[in-house]
Amino acid sequence: MTVDTDVIIIGAGPAGLSAAKRLSEYGIEYTLISREDKPGAYKACGGYIPARALEEFGLEQIPSAHDVKSIRMKFPGLEMKRVDFENRVGVNVSREVLGVTLLNQIETSSEEIWLNTECGETEATKDKCTVRYTKGNETGLLSSHLIIDASGVNPVTIRFTPVRSRPMNSQIGYAVQYQMKTKYPLEIVNDFYYGSEFSPRGYAWSFPRKYETVLGTGGIVEIVRTSKKRTISYLDELVENKKPTSSELQNARAELVNREAALMPLAGIVKPSYGNRIMLAGDAACHCSPITGEGIYYSMLGGHSAADVAADCIQKKDFSDNRLSRYERLWTSSFGSDLKWGLWLQKRFLESGSSSLGTTFLSSERTTRIIAEMLAGIRPVRSAILAAAPRYLVSKLRKA
Ligand SMILES: Cc1cc2nc3c(=O)[nH]c(=O)nc-3n(C[C@H](O)[C@H](O)[C@H](O)COP(=O)(O)OP(=O)(O)OC[C@H]3O[C@@H](n4cnc5c(N)ncnc54)[C@H](O)[C@@H]3O)c2cc1C
């Protein structure tokens, strides 16, 4: 069967761009289609990337990235705690800068990456798959052996050729975020605020980038929808009168430049993530931490694994579900534990409220540091739970 290209990638986020990079390393033909002109430029995101992602994906030198060496955490009934690290645990970066950096990493010709192009209907048959696209006034149909759908939390293919059903409102997070610019520099310290003062049973954050900062808050859609207080009101209160963030913003003469809102998948391991010649990667596959909402690193790992499996399928000329199933094994063994235990922790937070968990977990300096390491993405979630939880719980968890 003749096709236009071997693989169609939908989406130029971290998942799609890392899949494209990997496929070009294999020398596999692909076409990446994405709707925006500048990858990442319009994506609502805190832009925190953990150090392990920088090392594994050769991103040590992202321009205008700010090293994060300190984390502060506020739990109800407790003073704000600060943890300082010797080395950077990650960076805060704008998504536009990340998008350019990821794009520049790909050895590509402009023929392979179609920006400003919208994907519409997709179809998968026993011989090939097709994607209908629109670029300006032009529409067309592109065919391939496989699709890597990396189009984010509401994946394109789910409307036409669903690999699985949509996650429920109890599995999706909703967040609002402010981007602010400042006249004077802010200290680079990432803040996490827990408790009903700050969010509809989720958490609020502030991730500064010297002369700019992003602050957000949110919670699970199901809870947000029934909450009497608007989510944006929590954010206004954080900016206006919750110290230390409010006073630091005032001292730095912060000005609001953009308001945004977005969804994020907080569902844990969701299967299947492949089928009918399609692999879902990144947010499309719920590759996002249910406890922190961190998804850049997991999306890049997901996109990378999808490309590995696509390359294998093309070499063997086998596009069966059986061969694609390796994809799910790869990503679950790579970061499935963080998704599984992140969901476990999220449920405990929702059941018992962050106040009781906060006082249990943050009862000593040692546990405070462990939680900070987890939030910074330098300690796996399961390891943090085992290290910070009381003994009786540890014995139960080890068996799980
Ligand atoms: C408010 C907020 C804050 C966050 N903060 C952080 C953080 O600090 N650190 C972190 O690690 N993660 C964070 N996340 C999560 C992170 O942003 C996502 O997990 C990550 O962007 C997922 O990458 P992706 O490539 O799967 O999808 P996306 O980055 O969403 O990219 C999807 C791509 O698909 C394209 N697309 C979609 N539909 C179509 C279509 N029909 N046709 C063509 N193209 C299409 C889009 O234009 C986009 O290029 C945050 C999320 C939110 C909502």
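Student: What makes the seven strands S6-S5-S13-S14-S15-S12-S16 of this predicted model an open sheet, and which strands stand at the edges?

Tutor: The seven strands follow one another in the order S6-S5-S13-S14-S15-S12-S16, with mixed pairing. Strand S6 (81-84) and S16 stand at the edges with a single partner strand each, so one side of each has no neighbour in the sheet. On average, neighbouring strands of this sheet are turned by 15° against each other, direction ignored.

Student: Which helix lies across S12, S13, S14 and S15?

Tutor: Helix H6 (residues 231-241) lies across S12, strand S13 (190-194), strand S14 (203-208) and strand S15 (212-220). Its direction is at about 140° to S15.

Student: What is the strand order in the open sheet of three strands, and what is its pairing?

Tutor: The order is S3-S7-S4, and the pairing is antiparallel. Strand S3 (48-50) and strand S4 (66-68) stand at the edges; each has a single partner strand, so one side of each is left without a neighbour in the sheet. From one strand to the next, the twist averages 30°.

Student: How do you know that S3 and S7 pair?

Tutor: S3 and strand S7 (residues 90-92) share three bridges in the antiparallel sense, and the threshold is at least two, so they count as a pair. Within S7, Asn92 stands opposite Tyr48.

Student: Why is Ser334 called partly exposed?

Tutor: Ser334 has 15 other C-beta atoms within 10 Å. A residue is buried at 20 or more and exposed at 12 or fewer, so a count in between is called partly exposed. Ser334 is found in helix H9 (residues 321-361).

Student: Which residues is Ser334 in contact with, leaving aside its neighbours within four places in sequence?

Tutor: With those neighbours left aside, Ser334 is in contact with Leu301 and Ser305. Contact here requires C-beta atoms within 7 Å. Ser334 and Tyr298 are 36 residues apart in sequence, and their C-alpha atoms are 9.0 Å apart in space.

Student: Which residues of helix H10 are buried?

Tutor: In helix H10 (residues 365-375), the buried residues are Thr368, Ile370, Ile371, Ala372, Glu373, Met374 and Leu375. Just after H10, Gly377 has a positive phi of about 80°.

Student: Which domains does the assignment give, and how many residues does the contact between domain 2 and domain 3 take from each?

Tutor: The assignment gives domain 1 (5-44 + 98-167 + 267-338), domain 2 (70-88 + 169-265) and domain 3 (363-399). The C-alpha centres of domain 2 and domain 3 lie 23 Å apart. Their contact takes five residues from domain 2 and six residues from domain 3. On the side of domain 2 that touches domain 3, S5 and S6 are the elements giving two or more residues. By class, that side has four nonpolar, no polar and one charged residues.

Student: Which residues come nearest to the ligand, and which domains give at least three residues each to its shell?

Tutor: Of the 39 residues around the ligand, Gly11, Gly13, Gly46, Gly282 and Gly295 come nearest. Elements giving two or more residues to this shell include helix H1 (14-26) and helix H8 (296-316). Domain 1 and domain 2 each supply at least three residues. The shell has 19 nonpolar, 14 polar and six charged residues.

Terms used. Residues numbered from 1 in each chain as written. Predicted model: local features only at pLDDT ≥ 70, side-chain atom pairs only at ≥ 80, totals over all residues. Near = placed C-beta within 6 Å. Helix = DSSP H or I, 4+ residues; strand = E, 2+ residues; numbered from the N terminus. Nonpolar A, V, L, I, M, F, W, Y, C, P; charged D, E, K, R; others polar. Domains from an automatic or database assignment. Axes fitted to C-alpha atoms, helices over the stretch in contact; angles between N-to-C directions. Contact = placed C-beta atoms within 7 Å.
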